[in-house]
Amino acid sequence: MEIIVCVKHVPEVAEVELRIDKSGRDIDRSGLVYDINEWDDYAVEEAIRIKEKFGGNVTVVTIGDENSDSTLRKCLAKGADKAIRITDKRINSSDPFIVAKVLSETLKKISFDLILTGVQSSDDGYAMVGPALAELLGIPHVTMAKKIEIKDNSIIVNRELEGGLGEVVEIEMPALITVQTGINEPRYVSIMGIKKAMKKEIRILSIDDLGLNEEEVGVDNSWLQIMEMYIPPVERRAEFIKGNPEEVASKIVEIIKSRGLI
Amino acid sequence: MREIIVLAEHRRNEIRDITFEMLTKGRQLTETINAELVAVILGKNIRDKAETLANYADKVLVIDDDRFEFFNSDIYQQALSTIIRERKPFLTMIGHTSYGLELAPSLAVSLNIPLVTDCLELEFSNGNLIATRQMYGGKMYSKVNVKKSESYIVTIRQGIVTPIEGKARGEIIELPPPVIEPVKKKFIEYVLPTVGEVDISSADILVAVGRGIKDQANIPLAEELAKTIGGVVACSRPIVDKGWLPSDRQVGSSGKTVKPKLYLALGISGAFQHIIGMKNSQLIIAINKDPNAPIFNVAHYGVVEDLFKIIPILIEKIKEVRKKT
Ligand SMILES: Cc1cc2nc3c(=O)[nH]c(=O)nc-3n(C[C@H](O)[C@H](O)[C@H](O)COP(=O)(O)OP(=O)(O)OC[C@H]3O[C@@H](n4cnc5c(N)ncnc54)[C@H](O)[C@@H]3O)c2cc1C
Ligand SMILES: Nc1ncnc2c1ncn2[C@@H]1O[C@H](COP(=O)(O)O)[C@@H](O)[C@H]1O
């Protein structure tokens with residue numbers, strides 16, 4: 001099995017106070033800590049597990065700058081065999097269509113049986129790159145996989161629907177599957193893994209290597225352009241309970257008592 | 001006249017809420033840009049549903065065909081491509097749902113029509129489409145300008161629009177069965193949700209924990225609070241993903257929808273997939289370290305603090321009250 005996993009290096013924002021940068025179209029990225037996109041971490045784990053069972057290779061691919069190497073190294077340390085980084089300032093990597101396009105041109109030159117992506121990226125949240133890439137490559141896809149079972153020429157996928165409901169579908173290989181969180185338990189990186197990863201090479205490609213030109217991957221050919229970014233408008237802003245923990249707890253008790261809940 | 005197409009979503013003999021939400025939004029848009037609202041429904045034995053849709057849309061296009069018995073994006077894509085190529089709608093609206101996510105990107109790529117996903121709001125200015133989206137798990141909003149085109153495709157977030165009763169008397173148009181090329185994907189069966197011992201959707205009080213609970217070893221703390229207060233422990237998705245609580249405790253789009261008298265959100269950021277499942281709770285109190293956590297936009301009361309500093313004291317105080325009464 002030749003498996004490709006598309007991974008994205010994203011800022012961790014859950015506990016960070018985000019600010020807008022000077023352009024007004026992006027966040028201020030200074031001081032942010034980056035890591036692999038959560039969904040992609042599950043995808044990498046799934047790929048490695050399939051490889052461990054059926055043999056073959058796992059190749060991780062990203063479009064990003066040199067800082068993305070830490071995410072690629074992490075994947076290599078976990079057990080991926082090869083890594084490809086596409087780095088080129090001419091690529092408008094904030095556009096999901098362009099990302100899918102550049103990935104498709106990269107993957108057309110490699111042989112594969114299965115491509116895994118995350119369901120969505122935690123920063124942009126388009127949930128678009130996976131199925132768009134499948135269409136560009138002319139292969140079938142299944143999104144939101146909660147379980148993947150490899151057969152001879154096909155794959156049985158449990159995909160998640162709403163409200164706890166799921167469905168089972170069968171798809172012919174080669175195929176693309178987008179992976180949902182919870183499908184497995186991603187492993188941690190071992191010291192051994194890190195040592196091994198140091199020896200593995202990261203292949204770096206530009207759009208020239210892919211036979212693409214600036215126009216094809218730039219703003220002109222992009223579908224989306226962010227005009228403005230802003231802090232969310234308040235819908236029903238909570239009334240904040242202030243004070244030390246003792247006072248806060250008392251106030252909470254008072255509120256729930258006044259509603260007859262205790 | 002220009003057309004706005006809404007793809008009706010239905011499953012297991014029911015039209016899904018997102019359909020009415022999109023029809024409501026679509027109706028508002030037709031009024032601003034002078035267009036007709038066209039619902040498209042594909043399925044097997046769906047004529048009654050077409051009648052329902054006719055209350056909302058000016059036209060309802062129906063394909064009633066065995067091949068649409070179950071949703072299969074490959075088959076839907078072929079049928080919908082034909083409709084979009086022929087009618088050239090100004091806009092096609094699809095739900096940002098498990099079905100829409102499977103269908104919209106490949107449909108858009110195959111037709112070379114620009115797509116913007118997970119839209120909260122749409123505006124048109126000089127024929128340009130501008131969409132409002134969220135980024136960074138709801139911590140930022142963005143206005144996105146879509147590449148100028150004769151036709152656009154969007155996916156619409158669930159639970160954003162309040163559907164209103166339809167007053168239209170749309171014309172129902174049956175389309176002939178389309179030619180469908182063989183596909184490489186096959187529906188096999190549904191997998192029903194597992195039924196556990198606890199039904200969080202019928203509890204009056206929920207103590208809901210998120211990733212802020214940090215470790216499995218802290219779950220008993222939430223359980224103690226729940227027991228003291230007379231409630232049940234629920235959670236956000238990562239807690240189920242990690243296997244710390246069973247899946248029937250999950251609140252949100254892929255979990256349960258709950259409306260308790262009290263929803264105590266502990267260390268939950270408030271991603272929309274979570275909020276959609278709990279926003280109608282009667283009283284929401286959220287404890288989170290991050291003052292900008294989106295959960296505070298739906299909570300009635302908020303506490304910006306480390307939950308581990310509050311919970312033990314809260315448990316003691318509730319115990320005191322219980323003793324007195
Ligand atoms: C298709 C799809 C379906 C999904 N369905 C669901 C669903 O049904 N339900 C669901 O919940 N999610 C769902 N998600 C996931 C969702 O997008 C979020 O990833 C998830 O809700 C985040 O959970 P969280 O708030 O617990 O974690 P995080 O976003 O990581 O937030 C943790 C929060 O805890 C706070 N915190 C940390 N430490 C402390 C402390 N000591 N004291 C107080 N606060 C602290 C942090 O400030 C942060 O706000 C779905 C996603 C997708 C793509
Ligand atoms: N810059 C990128 N490089 C490689 N893969 C990406 C990139 N952006 C997105 N992806 C993949 O596409 C998935 C969905 O991303 P999105 O459509 O942006 O929500 C991610 O989980 C990744 O697997």
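The structure before you is a predicted model.

With that in hand, let me begin in chain B. Helix α5 of chain B covers residues 219–229, and helix α8 of chain B covers residues 307–324. Their axes come within 9 Å of each other and cross at roughly 25°. Angles under 35 degrees count as roughly parallel, and α5(B) and α8(B) are therefore roughly parallel to each other. The crossing of these two helices is left-handed. On the α5(B) side, the residues that meet the partner helix are B:L221, B:E224, B:L225, B:T228 and B:I229. Facing them from α8(B) are B:F308, B:I311, B:L314, B:I315, B:I318, B:K319 and B:R322. By class, this contact of α5(B) with α8(B) holds eight nonpolar residues, one polar residue and three charged residues.

B:V232 belongs to strand β15 of chain B, which spans residues 232–235. Which residues does B:V232 contact, once its neighbours within four places in sequence are left aside? They are B:V198, B:I200, B:A203, B:I205, B:L206, B:V207, B:A226 and B:R249.

From α3(A), the contact draws on A:P96, A:V99, A:A100, A:K101, A:L103, A:S104 and A:L107; from α4(A), it draws on A:V129, A:A132, A:L133, A:L136 and A:L137. These contact residues of α3(A) and α4(A) divide into 10 nonpolar, one polar and one charged.

In the second pair, helix α2 of chain A (residues 69–78) and helix α5 of chain A (residues 191–199) pack at about 115°, their axes being 7 Å apart. The crossing of α2(A) and α5(A) is right-handed. Here A:R73, A:L76 and A:A77 of α2(A) meet A:G193, A:I194, A:A197 and A:M198 of α5(A). The classes in this contact of α2(A) with α5(A) are five nonpolar, one polar and one charged.

Next, the charged pairs. Side chains of opposite charge can pair when their charged atoms come close. Over all chains, the whole structure contains 46 salt bridges. One of the pairs within chain A joins A:R49 to A:E45, with the closest N and O atoms 2.7 Å apart. Where do A:R49 and A:E45 lie? Both are in helix α1 of chain A, residues 38–54, and they stand four residues apart, about one turn of the helix.

I close with the interface. Chain A contributes 86 residues to the contact and chain B contributes 91 residues. The area buried between chain A and chain B is about 7800 Å², and carbon and sulfur atoms give 58% of that area. How many salt bridges are counted between chain A and chain B? The count is nine. A salt bridge also joins the side chains of B:E102 and A:R159, at 3.1 Å from N to O.

Conventions: Residues numbered from 1 in each chain as written. Chains lettered and ligands numbered in written order. Predicted model: local features only at pLDDT ≥ 70, side-chain atom pairs only at ≥ 80, totals over all residues. Heavy atoms only, no water. Contact = heavy atoms within 4.5 Å. Nonpolar A, V, L, I, M, F, W, Y, C, P; charged D, E, K, R; others polar. Buried area = accessible area lost by both parts, 1.4 Å probe. Salt bridge = Lys/Arg side-chain N within 4 Å of Asp/Glu carboxyl O. Axes fitted to C-alpha atoms, helices over the stretch in contact; angles between N-to-C directions. Parallel < 35°, antiparallel > 145°, perpendicular 65-115°, else oblique. Left-handed = near helix turned anticlockwise from the far one by under 90°.
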